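Good morning, and thank you for coming. I would ask you to keep the sequence and the picture in view while I speak.

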Amino acid sequence: LRDLFFTLFLKKPVGLRIGSYRIFTRSAANLISRAAQPFVYISAELFRHGLNAAAISYSKAAPAELPGQSRYSFRARLYLYLRLLRWYMPVIGAISRHAAETASAAGNCPQYIIAEKGGCL
């Protein structure tokens, strides 16, 4: 579902597999760190801003779990997908991000801060 969502709504290149590990430039890190909403999904932020992405294959030395097994329960995955829809679907996401930016500008702090100025990501 996540892959389909990213392809349809965030213009992820077809065939690009999203993984857990990422390497990106400082400018991409700075762009992500400016996200003002309380829910930030790094892959979604990269695709939403139209940054280039590529997949690099690697082999695990000793798999920690069976292939295809997820540590997320069905309920946790459903909650994640609903949050992705809320914050990154074109119309709904724009409304949610605007409300979060307005609350942040009014002095209501976001749930967390990704990076302080001069800090590390």
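A residue is called buried when its relative accessible area is under 20%, exposed when it is over 50%, and partly exposed in between, with a 1.4 Å probe and protein chains only. At 82% relative accessibility, I23 therefore counts as exposed.

A word on the source. This is a predicted model, in which local features need pLDDT of at least 70 and side-chain atom pairs count only at pLDDT 80 or more, while totals for chains, interfaces and linings use all residues. Residues are numbered from 1 along each chain as its sequence is written, and side-chain values use heavy atoms, with hydrogens and water left out.

Let us take the overall plan. The protein has five helices and zero strands; here helices (H or I, at least four residues) and strands (E, at least two) are DSSP runs, numbered from the N terminus. Along the sequence, this gives the pattern α-α-α-α-α. The protein has 121 residues, of which 23% count as buried. By contact I shall mean heavy atoms within 4.5 Å. Among the contacts with a separation of 6 or more, 63% come from residues 24 or more positions apart.

I turn to a pair of helices.

The crossing of α1 past α4 is right-handed. A crossing is right-handed if the near helix is turned clockwise from the far one by less than a right angle, and left-handed if anticlockwise. On the α1 side the contact is made by R2, F5 and F6, and on the α4 side by Y81, L84, L85 and Y88. These residues divide into six nonpolar, no polar and one charged. For that count, Ala, Val, Leu, Ile, Met, Phe, Trp, Tyr, Cys and Pro are nonpolar, Asp, Glu, Lys and Arg are charged, and the others, Gly among them, are polar.

Staying with α1, we find D3 in this helix. D3 counts as partly exposed, because its relative accessibility is 38%. Leaving aside neighbours within four places in sequence, D3 is in contact with K12 and L16. D3 and L16 are 13 residues apart in sequence, and their C-alpha atoms are 8.9 Å apart in space.

Next comes the loop between α1 and α2, where K11 is found. Phi of K11 is near 60°, a positive value in a residue other than glycine. K11 counts as exposed, at 68% relative accessibility. I23, with which I began, also has its place in the loop between α1 and α2. From I23 to A54 there are 31 residues in sequence and 9.9 Å in space, C-alpha to C-alpha.

S33 and E45 are 12 residues apart along the chain, with their C-alpha atoms separated by 9.8 Å.

Is S43 buried or exposed? With a relative accessible area of 4%, S43 is buried. Beyond its neighbours within four places in sequence, S43 is in contact with F6, I18 and R22.
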